[in-house]
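Please open the model in your viewer and keep the selection tool at hand. The stops below go from one selection to the next.

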Amino acid sequence: MASGEAAAAPLLEKKSVYREGCPGCAVERRKTLNPGAPYKEFLHIWIIILVSCLPISSLFPFLYFMIRDLHIAKTVEDIGFYAGFVGASYMFGRALTSTAWGMVADRIGRKPVIMLGIFSVLLFSALFGLSGHYWMAISTRFLLGSLNGVIGPIRAYAIEVCRPEHHAIALSLVSTAWAIGLIVGPTIGGYLAQPTEKYPKLFPVGSLFGRFPYFLPCLCISIFCFPVLISCIWLPETLHNHNTDEKEDEASESLTAIFSGSEEIVEHNITSTRKNNVLKNWPLVSSIILFCIVSFDDMAYSEIFSLWAESDRKYGGLSFSSEDVGQVLAVTGVSILVYQTFLFPRIIRVLGPVNTSRVAISLSMVLLFTFAPITHLSRPWSSIAVNIASILKNNFLITIVTSSFILQNNSVTQDQRATANGLATTLMSFCKTFAPAGAGIVFSWAQKRQHVLFFPGDQMLFFLLAIVELVGLVWTFKPFLVVPDQFSSY
């Protein structure tokens with residue numbers, strides 16, 4: 001330990017060149033003086049990501065019923081088809097603008113982009129709940145995705161607000177908040193949608209919530225966003241407002257990494273990367289492609305899971321209510337928090353991000369083939385089985401996502417980090433644009449083929465998801481995935 005600290009000392013001294021009035025330098029000075037993890041900033045980041053992710057999947061538990069009530073689908077089997085395009089509209093909007101928001105964040109700072117993104121969630125989430133026509137539902141979701149550019153800049157911010165030895169836990173918190181947001185959102189949607197039917201004493205049929213049965217969960221998300229938006233006034237900016245000279249560049253490119261409980265100083269000179277376009281950085285691009293494959297699988301699974309669980313048993317579903325689905329996702333959210341906080345950092349130290357991803361993908365593929373038989377179980381066994389399967393599936397997913405975050409953010413320098421994360425969000429959003437639309441179409445098709453011999457009904461859904469994950473598993477091997485130098489020993 002002593003030798004590791006001695007080796008680190010000169011490294012830190014090289015970095016102690018600060019400019020007065022530069023917010024980025026102020027953050028660097030604080031990190032030098034306070035070597036511990038910045039838990040206050042981590043908590044703030046965690047809450048920001050949570051609120052920005054809540055509306056992404058909050059609609060899934062009630063989307064089936066919302067499309068039905070909008071009277072756009074001619075038959076019950078067509079509901080999944082129209083639901084897919086509503087789910088895709090958010091991701092399509094985000095895909096068009098995420099790289100641009102990352103470039104803006106690298107130019108003017110992380111803080112303005114983060115605040116605008118939270119404001120867009122506050123506004124358009126409420127407007128989506130007031131949708132009385134199919135076109136309004138799609139357009140509000142599209143605008144919400146277009147203006148919510150939080151994800152790329154906040155991932156860069158999480159890296160910049162802490163010292164290198166805390167990067168793993170910072171990115172773990174990012175993916176935990178993201179995953180829990182994608183779980184808590186559907187929980188809110190499941191419990192609070194159609195309140196006049198579930199809580200008639202509190203919400204009379206003739207009230208606003210009777211006229212707009214899906215407004216309450218969207219309104220609650222908007223209310224939650226308001227104090228978070230106000231708190232961002234005190235969010236410290238991390239972007240430097242000056243151009244560093246070459247000596248400062250060379251000092252700031254030295255990355256300190258800690259793995260396996262021991263300290264190892266890793267000199268990772270990426271000065272040349274700074275001069276190149278991020279698209280020529282194959283370690284970055286290859287890790288983004290892995291992230292996109294997993295994100296496609298995640299979005300398709302999220303859409304299929306809710307539609308499958310709520311569809312009638314005669315169509316191969318579970319006949320769950322939106323409240324039942326919300327309860328399953330709430331339990332899953334708690335499990336993710338526990339797993340990411342206590343287990344994931346230990347696993348990543350032992351296996352490294354690449355091997356961890358391979359193990360998680362392999363186990364997830366096996367798990368997918370257990371979903372279809374659950375439909376043959378009676379209550380309460382079907383509920384127990386679904387909860388266990390959902391916990392495992394979502395924790396496998398978040399393991400792969402966090403590992404890809406670690407690879408991405410260690411492949412670029414600070415002045416490219418928000419752009420790189422914005423590029424990752426753009427490509428991921430394109431994948432998630434096609435995922436719900438494709439999943440909805442396949443779901444409708446699968447419900448019409450209940451009696452065929454080859455993977456009948458819902459079995460075909462989970463088989464196709466397993467094929468996508470197989471592609472992701474293959475991508476984790478050479479020559480497809482190239483890892484940064486500090487992870488080459490794993």
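**Loops, core and a helix pair**

Begin with Q194, which sits in the loop between α9 (167-192) and α10 (195-198), helices here being DSSP runs of H or I with at least four residues, numbered from the N terminus. This is a predicted model, in which local features need pLDDT of at least 70 and side-chain atom pairs pLDDT 80 or more, while totals for chains, interfaces and linings use all residues. Residues are numbered from 1 along each chain as its sequence is written, and side-chain values use heavy atoms, leaving out hydrogens and water.

Although Q194 is not a glycine, its phi is positive, about 55°; at 6% relative accessibility Q194 counts as buried (under 20% relative accessible area, with exposed over 50% and partly exposed in between, for a 1.4 Å probe and protein chains only).

Select H71 next, in the loop between α4 (60-70) and α5 (79-108): its phi is also positive, near 60°, but H71 counts as exposed at 68% relative accessibility.

Then colour α15 (residues 282-310) and α19 (residues 458-475), which pack at an angle of about 170° with axes 10 Å apart, the axes being lines fitted to C-alpha atoms over the stretch in contact and the angles running from 0 to 180 degrees between N-to-C directions. The pair is therefore roughly antiparallel, a term for angles over 145 degrees.

Finally, select P380, in the loop between α16 (322-368) and α17 (381-409), where a cis peptide bond joins R379 and P380 with omega about 0°.

Terms used:
Helix = DSSP H or I, 4+ residues; strand = E, 2+ residues; numbered from the N terminus. Parallel < 35°, antiparallel > 145°, perpendicular 65-115°, else oblique.
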